[in-house]
Amino acid sequence: MTEHDVVAQAIAAHLKELRALRGWSFDELAQRSGVSRGMLIQIEGARTNPSVGTLVRVSQALGVTLAQLVVTDVSPVLRTVRAAETVRLWQGGAGGWAQLVIGSDPPNAVELWNWEMRPGEHYQGEALPGTRELLTVTDGELVLVVGGDEQTLSTGDAVAFRSDRPHGYRVDTPAPVRFTCAVLRPAQDPS
């Protein structure tokens, strides 16, 4: 395979993935980028050598850099994070903690967190535009506060909520609580 073929294949793969992540048809990307539907089909099929100007318009419409669109060193299909490599990013006053286990790459980033909170601890989360969370309690009882809504979740309960508003976690019981949380941070629409 020639260097040109390798680059064309990388561009095709990135375009297909980025378009799918946004749920865009060829027509929608054509409208947003000013590049014809036919040309986009040719690029995604690795059947053409698009100009730099065309690639710039496509990358801008997708909200990524040109480098992200053409990079040939793609992320591995499988990425393993060993327990010793995880990072604790929150420490509660009574010994609780929040650990970032793993995260995916942009544009639509997902973070997986493990939490342990002790009696009396609370955490106030930042409101981040467009962000969503999925949470399941694996042991104990957690009070979840989202905006003005407060819910108590017990072992086995799960919840999905918009975390683009003030939200927090609290332990009101005499026992610790453990939960797992996925934070979804979608790409910002470049338009």
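## Helix α4

Helices here are DSSP runs of at least four residues (H or I), numbered from the N terminus. The model is predicted. Helix α4 spans residues 52–62, and its buried residues are Thr54, Leu55, Val58, Ser59, Ala61 and Leu62. They sit on the same side of α4, because they cover an arc of only 160° around the axis. An α-helix has 3.6 residues a turn, so residues three or four places apart point the same way.

The face turned away from the buried side of α4 carries Val52 and Gln60, both exposed. Just after α4 comes Gly63, with a positive phi of about 75°.

Strands β1 and β2 run antiparallel, and four bridges join them. β2 covers residues 97–103. Trp97 in β2 stands opposite Gln91. Five residues lie between the two strands of the hairpin. In this hairpin, Gly95 takes a positive phi near 105°.

## The second largest pocket

This pocket has a volume of about 270 Å³. Its lining counts 18 residues. Nearest its centre lie Trp113, Trp115, Tyr123, Glu133 and Arg185.

## Salt bridges

Side chains of opposite charge can pair when their charged atoms come close. The cut-off is 4 Å, from a side-chain nitrogen of Lys or Arg to a carboxyl oxygen of Asp or Glu. By this rule there are twelve salt bridges.

One of them joins Asp139 and Arg178, at 3.2 Å from N to O. Asp139 lies in β5 (residues 132–139) and Arg178 in β10, so the pair ties together parts that are 39 residues apart in sequence. Asp139 is partly exposed, at 37% relative accessible area. Arg178 is partly exposed too, at 34%. Both residues belong to a salt-bridge network that also includes Glu116 and Arg118.

## Two further pairs

Asp164 and Arg162 form a salt bridge at 3.1 Å, N to O. Asp164 has a relative accessible area of 22% and is partly exposed. Arg162 is partly exposed at 41%.

Asp172 and Arg170 also meet in a salt bridge, with 2.9 Å from N to O. Is Asp172 buried or exposed? Asp172 counts as exposed, because its relative accessibility is 52% and the cut-off for exposed is over 50%. Arg170, at 25%, counts as partly exposed.

Note on methods:
Residues numbered from 1 in each chain as written. Predicted model: local features only at pLDDT ≥ 70, side-chain atom pairs only at ≥ 80, totals over all residues. Heavy atoms only, no water. 1 Å grid on protein atoms, 1.4 Å probe; cavity = no way out; pocket = protein on both sides within 12 Å on 5 of 7 lines; lining within 4 Å. Points joined across faces, edges and corners; volume = space filled by probe spheres on them. Buried < 20%, exposed > 50% of the residue type's maximum accessible area, 1.4 Å probe, protein only. Arc of directions from axis to C-beta. Pairing = 2+ DSSP bridges.
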